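Subject: Structure handover

Hello,

The structure is below, with the sequence. My notes follow it; please read them alongside the coordinates.

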Amino acid sequence: MHAEPITCYRPRPEAAAEFASLPYDVYTRAEAAAYVSCHPRSFLAIDRPETSFSPVHDMYADDVYEKAHELLAARVTDGTLQRDGNRCYYLYRLRANGHEQTGIVAACSIDDYTNGIIRRHELTRPEKVDDRARHIEATGCQTGPVFLAYHDNPVLEALVEAAKVAEPLYDFTDAWRVRHTVWRIARPAAVESLRMMLEHVSSAYIADGHHRMAASARICQKMRTERGERHTGNEAYNYVLCALFPTSQLTVLPYHRVVLDTAGLTEDELVGALEASGLAVGPRGDEPVMPAERAHFGMYAFGGWRELVAADVPNDPVACLDVSVLQDRALGPVLGVEDPRSSERLSFVGGIASPEEVAQRAGEKGVAFTLHATSLGELMSVADQGLIMPPKSTWLDPKLLSGLFIRRINNCESIADRAQERKGEE
């Protein structure tokens, strides 16, 4: 694959911990507004610019995206962000709860995505792609890395480990007790060694960031069309900001499901319908159920917990997934959630949420289901066959922070560039 070194805006080392934030899509609108209210100088204010407006303001209005560019320029002007004009790779290590993973921050070819070298496993929602594409157009930058996984490569990992003996550029612990450490690789020989080894990566998988990738591909095609015969293929818009991690270092957590009601069923009717649909239902108990193996589920309803077990799971890369089994045997036929992508009755709880927290989301009237995590092997099998997983099948933890690397993709003067020029004239 083609993974090139980058130039970027990045925060001053002393500002990185305050500025960097979790990805834009981790937060609801209310949660984002609350976070920015407490952290007004964080990158989330740029990533979710509607937080600068009232809660009833149209979050997709033109002035919202203009605000993103204005805030980006302000952070350049006040020195929070500095431009690193040397083409380099960055190594990004995350440590949490005894877990450690190190990725390579690079610009990956959009053509590798459209040609299937970078493989997807989820569908995208048009309105979310529109939002990220407009954000890229307004700022002229890609502002959050697409999270890619690749099959382990011992030589590549050896190069990464050797580079980590240097003094880090950033090293801080965030509010969620995740330690983030970044190294800058700028020595020409080291850059070329990494670039050559990345060429030997035959395929990569989108672990997180399908909408960011699709938006970058859309902008790339638009700019190619606009440039016409002047397009060379070397322009920055032909590449997308990514962070590539070896699969053996990654942790996937489950994505639980909560239905806001029982579809009018009593407890006995719910149990009977689930059993008729191919799920063995265990006795009612008070202890929370967190499945430890595939085809097992926890269910909280009517104030109690039960274990569900599915038999005769299909031998199909998508239908055999626990998220599919639950949808096909419980959510759809029993609870009437026909389309998990659009149902307003269904919500998802990912990450390190406890069974008690999942049950709390269901309350007295709903039904909560806890699931075993989808594996990276299952994800890659689906992607390799060009298939699509159900929505919210995987939660990668810990999350990459946004705002540490902001990559410009157009060749036009931007507000941020003018801000940089003004700063230099002072």
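Of the 426 residues in the protein chain, 55% are buried (under 20% relative accessible area with a 1.4 Å probe, protein chains only; exposed is over 50%, and partly exposed is in between).

This is a predicted model, in which local features need pLDDT of at least 70 and side-chain atom pairs count only at pLDDT 80 or more, while totals for chains, interfaces and linings use all residues. Residues are numbered from 1 along each chain as its sequence is written, and side-chain values use heavy atoms, with hydrogens and water left out.

The protein chain has 14 helices and 20 strands (DSSP runs numbered from the N terminus: H or I of at least four residues for helices, E of at least two for strands). Its radius of gyration is 23 Å, close to the 22 Å from the globule rule for 426 residues, so the chain is as compact as a globular protein of that length. That radius is taken over C-alpha atoms, and the rule is 2.2 Å times the number of residues to the power 0.38. The C-alpha trace spans about 75 × 50 × 45 Å along its principal axes.

Among contacts (heavy atoms within 4.5 Å) between residues at least 6 apart in sequence, 78% join residues at least 24 apart.

E235 is buried, with a relative accessible area of 7%. Its side chain makes a polar contact of 3.3 Å with the side chain of H231 (a pair of N or O atoms within 3.5 Å; within protein, one must be able to donate a hydrogen and the other to accept it, and residues adjacent in sequence count only if both atoms are side-chain atoms).

Regards
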